Amino acid sequence: APPQRRAPIADVAAEAATTAALNALSAEMQAAREGGRMVMELPLEHVMGSHLTRDRVALDEDELDALKASLQARGQQTPIEVEQRPDGGYGLISGFRRLTAIRELYHKGQWDTDTILALIRQPEDAAAAYTAMVEENEIRVGLSYFERASIVVKTVGDGVFPHEKAALQSLFGAASRSKRSKIKAFIPVVEEVGGFIKFPNALTERMGLALAQRVATDPDWAERFRERMRKADPETADLEAALIAKALDAGTRPAPVEPPKPQVASKAQGYEVVPGIRMVVKDGDLRLKGPGVNEAMAAELDAWLRRTQG
């Protein structure tokens with residue numbers, strides 16, 4: 001018997017169901033991609049690490065080496081976060097250390113592919129992108145107070161936020177009031193002397209707050225500190241910390257008071273002993289002149305002479 005064929009209506013229904021399923025899957029995948037829920041494999045060269053001003057002031061080489069070893073042993077376990085750029089590339093939001101480590105491994109021939117795993121985000125604006133970057137670093141590694149203050153200064157300077165208060169509230173809204181207060185205290189350090197500190201991540205909270213107080217209250221000290229650090233150019237974090245401690249100590253001690261230099265009497269005019277009284281000494285003759293010489297002063301001098309010479 002000839003094989004039975006399905007009714008045309010059944011074929012149409014099957015095709016329609018398949019198309020609907022594919023459309024639904026495509027829509028779900030698109031929504032997942034746009035919602036940052038789908039891990040994408042992006043070419044390394046298409047990811048711009050300088051898309052945002054980074055909150056990391058410097059990368060610790062030991063930590064970066066440890067990350068490279070982990071990547072080589074286990075692969076990339078956590079995707080970076082990027083946003084689509086108008087030029088078709090991708091701007092890095094978070095994952096700067098992972099991107100740096102993978103790029104270095106790739107260029108050394110120690111990474112099998114020229115791609116990196118990423119989640120594509122769609123932040124509402126630059127402020128949201130910076131907030132996401134800071135939050136990710138705070139959770140994973142933690143920023144130093146210097147780095148936190150630096151990103152506040154940079155984002156305000158770039159016009160991302162209108163002022164420091166807005167930047168602090170947005171970037172560190174989840175932080176305690178005490179923590180935000182310390183970050184704010186570090187801002188003058190970043191602005192006034194930050195460019196002269198080579199190892200800012202080694203700056204302790206205590207030393208940083210001491211610097212903040214000194215910079216805020218004594219502009220002349222800040223200028224001397226900049227010159228001191230420029231000339232010293234320390235090669236290690238320990239040497240720099242010692243220099244900063246010495247500078248802070250020098251700034252808190254009162255300047256030595258030099259004794260007044262003895263004045264040589266002029267034979268013609270003498271010299272001013274105190275304001276308003278000039279003394280002339282010549283050949284056994286002592287004379288006091290000036291508006292400060294009066295009867296009350298003469299009485300005090302008379303009494304002093306009687307006490308000391310009597």
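**Helix 5 against helix 6**

I began with the residues that bring these two helices together in this predicted model, and found that Ile151, Val152, Thr155 and Val156 in helix 5 meet Glu164, Ala167, Leu168 and Leu171 in helix 6. Sorted by class, the contact of helix 5 with helix 6 comes to 6 nonpolar, 1 polar and 1 charged residues.

I then looked up the geometry, since two packed helices are described by the angle and the distance between their axes. The axes of helix 5 (residues 145-157) and helix 6 (residues 164-171) come within 9 Å and cross at roughly 120°, which makes helix 5 oblique to helix 6. I noted the crossing of helix 5 past helix 6 as right-handed.

Next I followed the strand order, which reads 1-5-3-4-2 in an open sheet with mixed pairing. Strand 1 (39-43) and strand 2 (47-48) are at the edges with a single partner strand each, so one side of each has no neighbour in the sheet. Inside this order I checked strand 3 (residues 80-84) and strand 4 (residues 90-94), which run antiparallel and are joined by 4 bridges; Val82 stands opposite Leu92 of strand 4.

Between strand 6 and strand 7 (residues 277-282) I recorded antiparallel pairing over 3 bridges, with Tyr271 opposite Met279 in strand 7.

Technical notes. Residues numbered from 1 in each chain as written. Predicted model: local features only at pLDDT ≥ 70, side-chain atom pairs only at ≥ 80, totals over all residues. Heavy atoms only, no water. Pairing = 2+ DSSP bridges. Axes fitted to C-alpha atoms, helices over the stretch in contact; angles between N-to-C directions. Parallel < 35°, antiparallel > 145°, perpendicular 65-115°, else oblique. Left-handed = near helix turned anticlockwise from the far one by under 90°. Contact = heavy atoms within 4.5 Å. Nonpolar A, V, L, I, M, F, W, Y, C, P; charged D, E, K, R; others polar.
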